[in-house]
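Student: I want to go through this structure term by term. Please set each value against its definition.

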Amino acid sequence: MKIINFGSLNIDRVYSVAAFVSPGETIHADSLRIYPGGKGLNQSLAAARAGADVLHAGAVGPEGAFLLAELAASGVDVSHISRLDVETGHAVIQVNPAGQNCIIVFGGANRHLSASYMDEVLALSCPGDYLLLQNETNAVGNIMQKAHERGLQIVFNPSPFPQNAKELPLELVSFFMVNETEGALLAGLDTSAPKEALLGALAGRYPQAAFVLTLGSGGVEYRKGEQRLFHRAYSVEAVDTTAAGDTFCGYFLSGLCGGRPIERCLAEASAAAAIAVSRSGAAPSIPDYRETVSFLEARRAWR
């Protein structure tokens, strides 16, 4: 099985700041670093570095060639990425001393995927392959429908949360990868809702799907039907949390492709995310599988 990721390709401009800028305020940044990024790119990198067979589908502008090189260096198939005469997507990211971030995303080429391009990529799929989607590209609903017709398993990370969520064919999704805020919005609950109520509401609304609910330092909850699993977060010193969720998602999905038990998928993904938050940048922070295994073995946490 392989992963086909219709995902964003962004240039990340990361500003280190003493505190996040407030409305009407002008501040000085302590530093600027430029990295390859985008939720799609990060998730493809994580899945490939974890050992999965990954084909990335998306688009870049003239200045985006280095994003393809970053993916290819980790073994991602970039041969079907579209090169367009529009600006490559980019993100403006503030990172504070606690490692927390605020992000503004400009879609650029990511929002210019055509129907014919989607058909061309999906023609390369086989029934049972995993289709990975976020919400930084256009035509998410159309891609879901086309993928379902071809027998793919749909994995959806609704970030940033779609304004048209009710218009998407979410009944086709096999796995939802969500944080607490995304989960609450998807369930139609307040963000302060306890996780038990949140998971119950999600399972009631989308009974066909599995839910992976990441809780930051609170660990991760998994639910599918009556099956409930939990894995704790590993304690590390946070430097930059930008790629934590994407690293987790890519590693978890790689585990599924490899036929690993869900418990092991959660353990490996949690370890990889912990390593990622201990480093600066998004793509550069994502560990390879050998490092992740060493991390788990050092903590006697291998399953």
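Student: Which residues of helix α5 are called buried?

Tutor: In α5, residues 180-187, they are E182, G183, A184, L186 and A187. Buried means under 20% relative accessible area, with a 1.4 Å probe and protein chains only. The model is predicted: local features need pLDDT of at least 70, side-chain atom pairs need 80 or more, and totals for chains, interfaces and linings use all residues. Numbering runs from 1 along each chain as its sequence is written, and side-chain values use heavy atoms, without hydrogens and water.

Student: What do the buried residues of α5 pack against?

Tutor: β11 (173-179), α6 (195-205) and β12 (210-214). Contact means heavy atoms within 4.5 Å.

Student: What is found at the start of α5, and what follows α5?

Tutor: At the start, a side-chain oxygen of N179 comes within 3.1 Å of the backbone nitrogen of T181. A polar contact asks for N or O atoms within 3.5 Å, one able to donate a hydrogen and the other to accept it. After α5 comes G188, with a positive phi near 75°.

Student: How much of the protein is buried?

Tutor: 55% of the 303 residues.

Technical notes:
Buried means under 20% relative accessible area, exposed over 50%, partly exposed in between (1.4 Å probe, protein chains only). Helices (H or I, at least four residues) and strands (E, at least two) are DSSP runs, numbered from the N terminus.
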